Amino acid sequence: MSDAETAPHNNLFIDSHHPDSDRFAVFEDDGTSAWLYLTEPGSQKIAADVWIYNRFDAPPTSEIKSYPGNPPPAAIGYASDTALCEAPQAHNWQIIWSHDGQSVALAKDGVPVGCIILASRKTYSRELIKDGPWGKPWSDQVFESHF
């Protein structure tokens, strides 16, 4: 079970530890975008990440470099029409581990919205419409084969 707390400005931070893999999963909303992270075993070093949603309308790709130091929001042409989440605290978020703790997923109101499949180093987001630096478009088949 994950621990959730509301960060300043109603941004979310949820983390969970898997005892067998000794990995952490972190879901973080920084007010610009939200990402799911999976760490290396016994470390806070990020092994993989996947974008989950934007807090505002998707910017043009030409503006993505204007977000230095923070994970960028997904751009127009990558983010779906439903990728905007203005009130994330209004939803129920849950971290879901694979049995071995080597992969992790995130559910919004009981529906999986993002996952990291560590064995393949691939990440999937329900709100992506094409492959890019934010991950790959959602695949029910991939999710069901790992969780």
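Me: Let's start with A48, where does it lie?
Reply: In this predicted model, A48 lies in strand β5, which covers residues 46-54.

Me: Buried or exposed, and why?
Reply: A48 counts as buried because its relative accessibility is 12%, and the cut-off for buried is under 20%.

Me: Which residues is A48 in contact with, leaving aside its neighbours within four places in sequence?
Reply: With those neighbours left aside, A48 is in contact with L36, Y37 and L38, and also with I116, L118 and T123.

Me: And how far is the C-alpha atom of A48 from that of R121?
Reply: The two C-alpha atoms are separated by 7.2 Å, although A48 and R121 are 73 residues apart along the chain.

Me: OK, what about R121 itself, where is that?
Reply: R121 lies in the loop between β8, residues 111-117, and β9, residues 122-125. R121 is exposed, because its relative accessible area is 54% and exposed means over 50%.

Me: What is the phi of R121?
Reply: R121 has a positive phi of about 60°, although it is not a glycine. That deserves a remark because most residues other than glycine have a negative phi.

Me: Which phi does D22 have, positive or negative?
Reply: D22 has a positive phi too, of about 55°, and it is not a glycine either. The place of D22 is in the loop between β2, residues 12-18, and β3, and with a relative accessible area of 34% D22 is partly exposed.

Me: Switching to N54, which strand is that in?
Reply: N54 is found in strand β5, the strand in which A48 lies. N54 counts as buried, because its relative accessibility is 1%.

Me: What does the side chain of N54 reach?
Reply: The side chain of N54 reaches the backbone oxygen of A74, at a distance of 2.9 Å. Leaving aside its neighbours within four places in sequence, N54 is in contact with several residues, among them T32, S33, P73, A74 and C85.

Me: You mentioned T32, so where does T32 lie?
Reply: T32 lies in the loop between β3, residues 23-29, and β4, residues 33-39. At 16% relative accessibility, T32 counts as buried, and its contacts, leaving aside neighbours within four places in sequence, are N54, R55, F56, Y67 and P73.

Me: New topic, how many cavities of 30 Å³ or more does the structure hold?
Reply: The structure holds 1 cavity of 30 Å³ or more, and about 60 Å³ of space lies in the largest cavity.

Me: Which residues line the largest cavity?
Reply: The lining includes I52 and Y53, then T82, A83, L84 and C85, and also W93, K108, V113 and E127. By class, that lining has 7 nonpolar, 1 polar and 2 charged residues.

Definitions and conventions:
Residues numbered from 1 in each chain as written. Predicted model: local features only at pLDDT ≥ 70, side-chain atom pairs only at ≥ 80, totals over all residues. Heavy atoms only, no water. Helix = DSSP H or I, 4+ residues; strand = E, 2+ residues; numbered from the N terminus. Buried < 20%, exposed > 50% of the residue type's maximum accessible area, 1.4 Å probe, protein only. Contact = heavy atoms within 4.5 Å. 1 Å grid on protein atoms, 1.4 Å probe; cavity = no way out; pocket = protein on both sides within 12 Å on 5 of 7 lines; lining within 4 Å. Points joined across faces, edges and corners; volume = space filled by probe spheres on them. Nonpolar A, V, L, I, M, F, W, Y, C, P; charged D, E, K, R; others polar. Polar contact = N/O pair within 3.5 Å; in protein donor to acceptor, adjacent residues only side chain to side chain.
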